[in-house]
Amino acid sequence: MEKTEFFICKCHDISHQLVLETLEPTEDEERVVYGCFHIVHLEFWDKLKSATKYLFGRKRKDGDFDALLLRPEDADRMEWFANFLDGGVSATDKAVAPFYFTFSSKENVYDVALEFYQYKLNDGSIQTEYEMSVCVSLKPGNILYRLYRAAKYLSGYRSCYGDFDSFEFLPVDAAKLRSMVSGLRAC
Ligand SMILES: [Zn+2]
């Protein structure tokens, strides 16, 4: 089964997206889900700001770029990839508490978080809202490496996979996709 699905950010900038993809596995081949990431479109001066903060090693809560907020209606499409990886042996539940984990590609670190926010409505009741986000940070390194990455980013470099290199989820990583789905079901 070959499949490609796009997970577009809640911000509705359709270039801000996570892409998951599978290739038809041959019989004895391990199943792999390939992923890539497209960051939000920024004007040059904002790009320069992001690049400078990275260059000086400034860590930001939302990573080096804006957080991608996954949409609850995409839960089922994402679950398909978890089932593809583990053969559907485990079920996805609905997250009951906030969580956080990371995964990486060769070039970047991805922070995945389910967070909740509470706010007061006009009638005085408290409303809780959940948010499933994926934030990307360029990997830290020495100043030469950071210069190289910042220059590459500013020059508008893109790989054939997206804005960066691609990452892979193997069958052992199915749980990561499942927790993202469970987070989305809580939203
Ligand atoms: Zn966005």
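Two residues are taken to be in contact if their C-beta atoms, placed from the backbone, lie within 7 Å. The legends below describe a predicted model.

**Figure 1. Surroundings of the buried residues of helix α3.** The buried residues of α3 pack against α1 and against β7, which comprises residues 126-138. Arg-149, Ala-150 and Tyr-153 are the residues of α3 that are buried. Viewed down the helix axis, the buried residues of α3 lie within an arc of 100°, and therefore line one face of the helix. The face of α3 turned away from this buried side bears Leu-144, Tyr-148 and Ala-151, which are exposed.

**Figure 2. Length and end of helix α3.** From its first C-alpha to its last, α3 reaches 16 Å with 12 residues. This is close to the 16 Å expected at 1.5 Å a residue. Gly-156 follows α3 and has a positive phi, near 85°.

**Figure 3. Buried and exposed sides of helix α1.** Ser-50, Ala-51 and Tyr-54 are the buried residues of α1. These residues cover an arc of only 95° around the axis, which places them on the same side of α1. Trp-45, Lys-49 and Thr-52 are exposed on the other side of α1. The packing partners of the buried α1 residues are β7 and α3.

**Figure 4. Length and end of helix α1.** Gly-57 follows α1, and its phi is positive, near 70°.

**Figure 5. Packing of helix α1 on helix α3.** Helix α1 (residues 44-55) packs with helix α3 (residues 143-154) at an angle of about 170°, the two axes being 9 Å apart. Because angles over 145 degrees count as roughly antiparallel, α1 is described as roughly antiparallel to α3. On the α1 side, the contact is made by Lys-47, Leu-48, Ala-51, Tyr-54 and Leu-55. On the α3 side, Arg-146, Leu-147, Ala-150, Tyr-153 and Leu-154 take part. By class, the contact of α1 with α3 comprises eight nonpolar residues, two charged residues and no polar residues.

**Figure 6. Gly-88 in the loop between α2 and β5.** Gly-88 is placed in the loop that runs between α2 (75-86) and β5 (99-104). Gly-88 counts as partly exposed because it has 13 C-beta neighbours inside 10 Å. From C-alpha to C-alpha, Gly-88 and Val-112 are 22 Å apart in space, and they are 24 residues apart in sequence.

Conventions
Residues numbered from 1 in each chain as written. Predicted model: local features only at pLDDT ≥ 70, side-chain atom pairs only at ≥ 80, totals over all residues. Axes fitted to C-alpha atoms, helices over the stretch in contact; angles between N-to-C directions. Helix = DSSP H or I, 4+ residues; strand = E, 2+ residues; numbered from the N terminus. Parallel < 35°, antiparallel > 145°, perpendicular 65-115°, else oblique. Nonpolar A, V, L, I, M, F, W, Y, C, P; charged D, E, K, R; others polar. Expected span 1.5 Å × (residues − 1). Buried ≥ 20, exposed ≤ 12 C-beta atoms within 10 Å, placed from the backbone. Arc of directions from axis to C-beta.
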